[in-house]
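Here are some notes for a colleague who is opening this structure for the first time. Please keep the sequence and the 3D view at hand as you read.

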Amino acid sequence: MRGAASLFPAILVLLLTALSQAQGTQSPTAPLSLISREGRRAIPTTVANGREFVALDDVASIFQISFREDTLAGGLTVTYKGRTIVVSTNQPLASVSGRAVSLSTPAARTGNRWSVPIDFFSSALSLIYDGRIELRRASRLLIVGDLRVPRVTVRIDSAGPPTRATIEIAPATRTSVVTEPGRLVIRLEADALEATVPRDGAGLIDQFRVGEEPTTVTIALADRAGPARAVPVEIDGMTRFQIDVASQVPTAETAAPTSAPVEALPPPVEVRSVLGTIVIDPGHGGEDVGVRGRNGSEEKALTLAVAQRVKALIESRLGIRVILTRDGDRGVGLDERAATANNNKAGLFLSLHLNASPVATSAGVEVVHSRVDRGGGDRGAPEDDTVVLPVFGGTTRAVDLIRWDLAQARHADTSAAFAEILAEHLRERVKMGARPRRDLPLRVLTSVNMPAVLVEMAYLSNADQEKLAQSDAYQVSVAQSILDAVLQFRTYLEGREGR
Amino acid sequence: MTKRRVALMVAAVLVLVLAAWAVNRVLTRLAGVGPETDPVIVETSAPPTAVRHINATLFSVSANGESLVPYQQEVVLAEGIVPQGREILSAQLERPTPPRVSVIPEGTTLRAFYVTDSGDAFVDLSTEVSSRHSGGSSAELLTVYAVVNAVTANLPTIHRVQILIDGREADTLAGHIDLRSPLERDVSIVSKP
């Protein structure tokens, strides 16, 4: 026993060492894609201490470089066509033809292999390289040579029908559109594409496929899709396509005796960003656990899980920026949550919660918007003021002043409209409560200067509902309903602005 | 000379005895014991005074948990609106007789109740109303309006009620319902018994 006890600290140290090493070096989620005249190839990378590295062995032949350790220079010497770069091994620096260049981290040695941070190529090697080297971190692309690699962003504006989508290509690129049975194909005059595309289609669009042929975007249409149109417009240095897909025209066999007129495609309009940013507020957090479920689940954890799902879904499907009021388990004040939304000039605020009741059988989802006028005397209708303030340069600027505790009052109607839309979409997928939509004097919404609602997603005081709220399927259903509601709400706002 | 010395010694002893008595008395009083406390006269033979009651409307949760249900309960008749308000609220904070279910967190007590000249009432509750609350906007709504409606339903001159927690204004009980200003009676969440 004593021997085992004396071994315990040693085993613990070994375990901790193994853990720390495991955390120190790990593989990134996807390899780096190198695009050159020769085509596209994957470059393996490693992550150490949060920094991503490329082994020089793996890319030496591609870039025609040689390298050696230079103890006199205190680093690693990389040579390209007689030109040299000295990369420091203890400081995040490189000397390129005598010029100091900052890197994200020093070069590192693992066994017999030397690795450099991935920004080495765009920050240092590009200065002596014959062609252009560009690193696009977000899309994990390393572009070598003078290639045209436009960014293509696809988003669905309205599931319809008619279904409407927007494809933005930056910088502006020459394109051609081919209409084929069951699909539209947009060909781009480019060498490669950097694409952000929704995973699934919506309405009459089954799917978007990028790179089916090297530089094409294919819009696969649903079986019930009718006429489809893709209209390009050049605007702000980018090419923007508006895609409109109408329903199928009824055939003689299927048409009703008094058949409706053929659905016409709406005229193409420029889609303005009426809903550029959405703030999702996972309720509670930190010491404020919120409701504790009968089987131990905590409201704060479930609200965060759903909020993260909603963020991923909206950003990938609609291309709208989503900000969370908290992205971890920390306490956030109610005013701080409102301030996050107000300071980011969000177009919509959605607070996620889970409910509780003294009665164990209470169940269902409730959508709540703010009850603004509740006879509070001095807290009645908002009275805004405008003040003129001097600004730098000797001019002045008019600034609207809105009472902090009355900010929501001016958005009461729009908030109610979104609550109605959201309740409708939730009803399609999940059980609604006895009062699916209601207005209450909610503290977190009063200071939010934009349309805002709170969703009670289930009753944690009900054991069955608690189990449901913890399931992936239920969380996805709620998130999908929110996505659909946001899509419809954007159309609602666009229609209102157009009037 | 000897007589004078003796007289002085006697006087000194007397002064010391008096001082000791005085110190002892003060200490005894500070300790709160001793026979000096006035006796309490209890008239055991007097007939008991008849306590008058009123029928007050109080609130519990409905069977489906969605709303408040009113019920009648006798509470002591008090002189004046503030003492009467205290009696009504104390009854509302107590556990109701089963099968009625309370919407007030267990352990919640009334710290104070007062009414302003403008007819707003302030109900000061102990911290348990917040610290022991289950959370959730529905449960919180029922708790808040059980208190607000209990006051406004039984004291017609009071139109608005503000809830304080532990003597201070509070944002919410559990993160949802705004308590920063007085609330009016809300009958929309009251269902028939």
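The numbered points below go through confidence, the two chains, their contact and a few local details.

1. **Ground rules.** This is a predicted model, in which local features need pLDDT of at least 70 and side-chain atom pairs count only at pLDDT 80 or more, while totals for chains, interfaces and linings use all residues. Residues are numbered from 1 along each chain as its sequence is written, and chains are lettered from A and ligands numbered from 1 in the order in which they are written.

2. **Confidence in chain A.** pLDDT is the predictor's confidence in each residue, from 0 to 100. Chain A has a mean pLDDT of 81, with 81% of its residues at 70 or more. Within chain A, helix H1 (residues 2-24) has the lowest confidence, a mean of 38, and strand E26 has the highest, at 98. The pLDDT is below 50 over residues 1-26 of chain A, a stretch with six contacts in the model beyond near neighbours in sequence. It is also below 50 over residues 251-272 of chain A, where the model has 21 such contacts. Two residues are in contact if their C-beta atoms, placed from the backbone, lie within 7 Å. Where pLDDT is low, the predicted coordinates should not be read in detail.

3. Chain B averages a pLDDT of 85, and 83% of the residues score at least 70. Please take care with residues 30-46 of chain B, where pLDDT stays under 50 and the model has three contacts beyond four places in sequence. The model as a whole scores ipTM 0.73 and pTM 0.56.

4. **What the chains are made of.** Chain A has nine helices and 31 strands, whereas chain B has four helices and seven strands. Helices (H or I, at least four residues) and strands (E, at least two) are DSSP runs, numbered from the N terminus. In chain B the order from the N terminus on is α-β-β-α-β-β-α-α-β-β-β. Of the 499 residues in chain A, 36% are buried; of the 193 residues in chain B, 32% are buried. A residue is buried if 20 or more other C-beta atoms lie within 10 Å of its own, exposed if 12 or fewer, and partly exposed in between, with C-beta atoms placed from the backbone.

5. **Where the chains meet.** The contact takes 29 residues from chain A and 23 residues from chain B. On the chain A side, the elements that give two or more residues are strand E26 (348-355), strand E30 (432-440) and helix H7 (443-446). That side has 11 nonpolar, 11 polar and seven charged residues. Here Ala, Val, Leu, Ile, Met, Phe, Trp, Tyr, Cys and Pro count as nonpolar, Asp, Glu, Lys and Arg as charged, and the others, Gly among them, as polar.

6. **Strand E24 of chain A.** Why is strand E24 (residues 277-282) of chain A largely enclosed by the rest of the structure? Five of its six residues are buried. E24(A) pairs in the parallel sense with strand E25 (residues 321-324) of chain A over four bridges, and A:Thr277 stands opposite A:Arg321 in E25(A). E24(A) also pairs in the parallel sense with E26(A), over five bridges, with A:Asp281 opposite A:Ser351 in E26(A). Two strands pair if DSSP finds at least two bridges between them.

7. Most residues other than glycine have a negative phi, and most peptide bonds are trans. A:His284 has a positive phi of about 65 degrees although it is not a glycine. This residue is found in the loop between E24 and H4 of chain A and is buried, with 27 other C-beta atoms within 10 Å. The peptide bond from A:Ala170 to A:Pro171 is cis, with omega near 0 degrees. In chain B, a cis peptide bond joins B:Pro98 and B:Pro99, with omega about 10 degrees.

8. **A loop contact in chain B.** B:Arg132 sits in the loop between helix H3 (128-131) and helix H4 (137-154) of chain B. Leaving out residues up to four places away in sequence, B:Arg132 touches B:Pro105, B:Glu106 and B:Gly107. The C-alpha atoms of B:Arg132 and B:Pro105 are separated by 5.7 Å, although these residues are 27 residues apart along the chain.
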